[in-house]
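Hi,

Here's the structure I promised to pass along.

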Amino acid sequence: MSRENVRVMREFMEAWNRREIDAMLSRLHAALEFRTSGLFPDLDPVYEGHAGFTKFYRESVAHWSLS
């Protein structure tokens, strides 16, 4: 993985940890197709585009939210 890719992934994960969806989306292609592992029954198998990723993020965080 190139240094640039490592930087982008690091920034993405930092945004995930801060729960900053706009910062995450800025690092994702608008036409992305995000596939889940299928391990969580309440999640869709595929999410498309920024709207789909936002839906995935909100649904997955809800499962892990402590508040």
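Which residue does Glu20 form a salt bridge with? The partner is Arg18, and the closest N and O atoms are 3.0 Å apart. Bear in mind that this is a predicted model. Both ends of that pair are partly exposed: Glu20 has a relative accessible area of 35%, and Arg18 comes in at 45%.

That pair is one of seven salt bridges found in a search of the whole structure. Another one links the side chains of Arg35 and Glu33, at 2.9 Å from N to O. Here Arg35 counts as exposed because its relative accessibility is 57%, over the 50% cut-off, whereas Glu33, at 45%, counts as partly exposed.

Then there's a network: salt bridges with shared partners tie Glu4, Arg7, Glu11 and Arg27 together. Within it, the side chains of Arg7 and Glu11 meet at 2.7 Å, N to O. These two sit four residues apart in helix H1, about one turn of the helix. Arg7 is partly exposed at 37% relative accessible area, and so is Glu11 at 23%.

Met1, Val6, Met9 and Met13 make up a nonpolar patch on the surface, and together they have about 400 Å² of accessible area. Val6 belongs to helix H1, which covers residues 3-18, and its relative accessibility of 30% puts it in the partly exposed class.

Cheers

Methods
Residues numbered from 1 in each chain as written. Predicted model: local features only at pLDDT ≥ 70, side-chain atom pairs only at ≥ 80, totals over all residues. Heavy atoms only, no water. Patch = residues over 30% accessible without salt bridge, like charges linked within 9 Å, V, L, I, M, F, W, Y side chains within 5 Å. Areas by Shrake-Rupley, 256 points an atom, 1.4 Å probe, with all protein chains shown as cover. Salt bridge = Lys/Arg side-chain N within 4 Å of Asp/Glu carboxyl O. Buried < 20%, exposed > 50% of the residue type's maximum accessible area, 1.4 Å probe, protein only.
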